[in-house]
Every structure is written in structure tokens, then in C-alpha cells.
Amino acid sequence: MTSDQQGAPVPPSSGPGGPGAPKSSGRWPLVAAGAAVLAVVLGLLATALSLRALDQANDARDIARAAGAGRPEGPPAGTGEPTNESTTPAPEQTGAESPSGPTPAGSGEPSLSQQTRYTDKYVGEELTLRAGCDSYVDIDLDKPEVRVSDGEELRFTARCGGNSSYFNLTRGTKGSQVDSASLGAADCYDRIDKGPIGPDINVPARKGVAICVKTSLGDAQERGDTWKMALLQVTDVGDDGTVVVTVRAWDIPL
């Protein structure tokens, strides 16, 4: 081996620690560029999601406004604030005496009492009742008069062959069979209130029989007439079945 051969330098190794290693540093710019692009994409995606959420919130607000448009305005529940609705206070119970005149009753008619002031309509009117066997006539206590048309206050039905003729109340009329023809209007009201008879009750048309009758308020108002209390008494019964009655009536105040 010559001296020139011995002194020649050894070429550097191309291994990991050699001069070829710095060449790998060229990859980092590519990685950084990729990360920047990914960040931009994520930012755009986040912006799109935010805009979508804002649109949904606006839609929900519009729906809520539309649903609440038909509701009356008022304070939120539980706030204790008064509403805009006005209420009328209930009348105080003072315990004062009720007025003597009629007051509304549950039946639709004014209620009456012993203090009600009646006025005479007529006194001692005499009517003669005649009808064929099992036929009837009606008594109009507003006049008074006997009529053959329906719809009056009291009906008289004639019977033959030893059977007693009888009276019936008609629709809307109230009455009571009483034991005296000298009663006043307030007494008739009391008897009707405590012992009324129905339209299906036959009151025999015998001499001395007396009936208190309260006319129909609705019928009187339709005719533009006064509401009445009447007292009818049978004063005579003929052999031929003819019945004579005497009637008195009072106007009932409204």
C-alpha cells in the first residue's frame, strides 16, 4: 500500500446521520399548507352551521308570534298582576227587608206575597154555562165571558145521566179549590201556593163550590192584558144541567 493510498480521505456515509439528512426538511411546508386548508374548511363549516342555527331560531320566533297573535293580552301567569278584564262586584247582603212588590222567581213569574197590592178588576159578574152532554165551553176570566174557543183560563164540561159536570184549569193557569167565596186576592194566592190543583183534576160543578184562579202571565203579556187573580163560585145548578157562577177578579201588579 502506498502512502497516497493510506492518506486518502474516507467518503462520508449516506446514512441517517450523514450529509443526506437535511433533504427531509422539505416536507414541512406541505404539512403546514394542508393544516391551513383544513382550518379554513372547518371555519367555513362552522360558519354554515351557525347561519343554519340562526335561521331555525328565526323560524321558531315567527311561529311563536303567529300562535300568540290570537290570544288576549295579559300579564304572565304567576306574576300577581291584575288582568285587563273588568268584573262587577257582587251586591252586598245587607239583610234589608225585600220590597213589597213582586220580585223575580225561578218559575219566570214574579213572586207574590201577603204585601202585594192587588186592584179590583170587576166584582160580582154572573155567567151562565150551558153545553151538551160531554161537551164543553171555556170561561175567559179577563172579561169575563163564556166562549167556545180554546185557550181560556177555565173549562166547563157538561155531563149527563146523573154524572156531575166539572171544571178544569187550562194551560198556564194555576188554581185551587177553596171553601169560601169571601176570600181576598192575597188569600187566593196563599191557597194556590199551598194547595194547587193540576189541569187533570176535575172540580165538580156543584152549588157552593169555589175556585181561586191565577191567570197565565205569558198569555196576558201576549194579548197586552193585565195579569189577574180570580175567584169563581157556583151559585146555582139547574135541572137541565145549566150552571150559574159568580166571578170576581183583581189585577196583579207587575
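User: Let's take buried to mean under 20% relative accessible area, exposed to mean over 50%, and partly exposed to cover what lies in between, with a 1.4 Å probe and protein chains only. On that scale, is Cys 212 buried or exposed?

Analyst: Cys 212 counts as buried, because its relative accessibility is 0%. Please keep in mind that this is a predicted model, in which local features need pLDDT of at least 70 and side-chain atom pairs count only at pLDDT 80 or more, whereas totals for chains, interfaces and linings use all residues. Residues are numbered from 1 along each chain as its sequence is written, and side-chain values use heavy atoms, with hydrogens and water left out.

User: What is Cys 212 bonded to, and how far apart are the sulfur atoms?

Analyst: Cys 212 forms a disulfide with Cys 188, the sulfur atoms being 2.1 Å apart, where a disulfide is taken as a pair of cysteine sulfur atoms within 2.5 Å. The bond links distant parts of the chain, since Cys 188 belongs to helix 3 and Cys 212 to strand 10, 24 residues apart; helices (H or I, at least four residues) and strands (E, at least two) are DSSP runs numbered from the N terminus. The torsion about this S-S bond is about -60°, so the disulfide is left-handed. Cys 188 is also buried, with a relative accessible area of 0%.

User: How many disulfides does the structure hold?

Analyst: The structure holds two. The other one I would point to joins Cys 133 to Cys 160, with an S to S distance of 1.6 Å, and the torsion about its S-S bond is about -95°, so this disulfide is left-handed. Cys 133 sits in the loop between strand 3 (119-129) and strand 4, and Cys 160 in the loop between strand 6 and strand 7, so the bond ties together parts that are 27 residues apart in sequence. Counted along the chain, the bonded cysteines follow the pattern 1-2, 3-4.

User: Switching to the open sheet, what is its strand order?

Analyst: The open sheet has five strands in the order 5-4-6-7-9, with antiparallel pairing, and two strands pair if DSSP finds at least two bridges between them. Strand 5 (145-147) and strand 9 (203-204) are the edge strands, each pairing on one side only.

User: How is strand 4 joined to strand 5?

Analyst: Strand 4 and strand 5 run antiparallel and are joined by three bridges, forming a hairpin with four residues between them; Ile 139 stands opposite Val 146 in strand 5. Strand 4 (residues 136-140) also pairs with strand 6 (residues 154-157) in the antiparallel sense, over four bridges, and there Tyr 136 stands opposite Thr 157.

User: What lies over the face of Tyr 136?

Analyst: Arg 155 does, at 3.8 Å from the ring centre; a charge sits over a ring if NZ of Lys or CZ of Arg is within 6 Å of the ring centre and within 35 degrees of the ring normal.

User: How many aromatic pairs does a search of the whole structure find?

Analyst: The search finds one. Phe 156 and Phe 167 have ring centres 5.7 Å apart and planes at 50°, so the pair is tilted. Rings of Phe, Tyr and Trp (its six-membered ring) pair if their centres lie within 6.5 Å, with planes under 30 degrees apart counted as stacked, over 60 as edge-to-face and the rest as tilted. Both Phe 156 and Phe 167 are buried.
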